[in-house]
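These are my notebook entries on one structure. I record below what I looked up, entry by entry.

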Amino acid sequence: MIGLELDEARALAVAVDERGAVLARAQIDAGGDLAAAAGQALDQVQAAGGGAGIAGVAAIHPESAAITGVMARLAPRFGGAAAKTRVLPSGTAAAAAEAWVGAARGVKDVVFFAVGQHTTGGLVQNGVALAGARGRAGSVAWLSLNPVEREDYRKTGCLEAEVAGAGIVRRMIWRIKAGDRSRVQDAVKDDLAAITVEQILAAARNNDGVSISVVRDTAKYLGMAAANLVVVADPEMLVLGGIMASAADLLLEPIRTEIARRLPKPMLDALRIETATLGADAAAIGAARLVTAALP
C-alpha cells in the first residue's frame, strides 16, 4: 500500500505493509511544481520495492485548487483513477495512522491534534476515522480562542494564526519590537525575518526568558484547543503531534496543566494523553491505510 501526503512545500510518499511497517519512503521538495514532486516521490517508493498500488492521498488543504490540479496531473499514472481518489485531510489520515500503528494502537476512540507549519486534527470513533459530511472534520486551525478578531484569523483560522510556525515567530517578533531582548536576535544577527520556530525552542531550552514566555503562551493556546476537542469528542485518548511531540520537554506539561484547568475532573481522569510516535510520516501512513480501510 502506498500513501502520499501533499502540502505547499513538499510531497511525501511511503509504502507500508499490512502491519503498517514502512517499507520505503521518499520526500521531494515541491520547488514550485507539486505534481512533479509527487510523481518523483511515488517513483522512488515504487523503485525501492514499494509496489505499484494506487496511493491514498492526504493533504493539508485537500479542497485547494493546487491539490485538484495535482490529482488531475497524476491521473494518467493510474489509468485515470487518481483523479477520482478521495483526498483526505492530513489530520484525518494521521489520526487513522496513530490509531493503527502509533501511539493509540488498539484504542477505539481517539482525537489527534498536531501543530507545525500548520495545525491539523483528526477523529477516530469506534475504530473508524471520521471525515465529516464534507471531509472537513478536524479542521482545528479554525478553532476560535481569542475574542479579539484579527485579519489573519479570517485567512487561516484563529488557532493556526496563533500557534502554527508563523504565529509563534510573529509573537516572538512582537516581543522584540516591544523592547524585549532575546538570544534569538543574536542567532539571526538581528534579522527578524530569519527567525524560526526551532530557534525559539532552542533558546527556551537555554533559559532565554523571552523564548520561554512565547513557548508558555503557545502551550496555553494549545491546551485550550485540546480541551475543546476533548469536550466535543469525548475520546479515550488524546494524541499530540508535531512540535507538541518533538518539543514535549517544553510543551507537554504546560499543555497538560492547561487541559486540567479546562476540563471537568471526571473527564480528565478518564482521558489518556500521549505524544504521537509516527512523526512526519503519520499522514502518509494513514492515507495508505485508508486505501483499504475506507472512510464511511
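Predicted model: local features only at pLDDT ≥ 70, side-chain atom pairs only at ≥ 80, totals over all residues.

Entry: neighbours of S2. I looked up the pairing on either side.
- Strand S1 (residues 2-6) runs antiparallel to S2, and 5 bridges join the two. A hairpin of 3 residues connects S1 to S2. I located Leu-12 in S2 as the bridge partner of Glu-5.
- Strand S3 (residues 22-29) is also antiparallel to S2, with 7 bridges between them. Here the hairpin has 5 residues between the strands, and Gly-20 in the turn shows a positive phi of about 90°. Arg-10 stands opposite Asp-29 in S3.

Entry: His-118. I placed His-118 in the loop between strand S6 (110-115) and strand S7 (119-125). Is this residue, His-118, buried or exposed? His-118 counts as buried because its relative accessibility is 16%, and the cut-off for buried is under 20%. Its side chain makes a polar contact with the side chain of Glu-8 at 3.0 Å. Leaving aside residues up to four places away in sequence, I listed Glu-8, Ile-60, His-61, Glu-160 and Ala-164 as residues that His-118 touches.

Entry: salt bridges. My search of the whole structure returned 21 salt bridges. I examined several of them.
- Asp-33 and Arg-73 meet through their side chains at 3.0 Å, N to O. The pair links distant parts of the chain, 40 residues apart: Asp-33 is in the loop between S3 and helix H1 (34-50), and Arg-73 is in helix H2 (residues 65-74). Asp-33 has 28% relative accessibility and so counts as partly exposed.
- Asp-190 forms a salt bridge with Arg-181, with the closest N and O atoms 3.4 Å apart. Asp-190 is partly exposed at 45% relative accessibility, and Arg-181 is partly exposed at 49%.
- Lys-265 and Asp-269 meet at 2.7 Å, N to O. Both lie in helix H12 (residues 265-270), 4 residues apart, about one turn of the helix. I recorded Lys-265 as exposed at 58% relative accessibility and Asp-269 as exposed at 52%.

Entry: network. Which residues are linked in a network of salt bridges? I found Arg-150, Asp-152, Glu-162, Arg-170 and Arg-171 linked in this way.

Notes
Residues numbered from 1 in each chain as written. Heavy atoms only, no water. Buried < 20%, exposed > 50% of the residue type's maximum accessible area, 1.4 Å probe, protein only. Polar contact = N/O pair within 3.5 Å; in protein donor to acceptor, adjacent residues only side chain to side chain. Contact = heavy atoms within 4.5 Å. Pairing = 2+ DSSP bridges. Salt bridge = Lys/Arg side-chain N within 4 Å of Asp/Glu carboxyl O.
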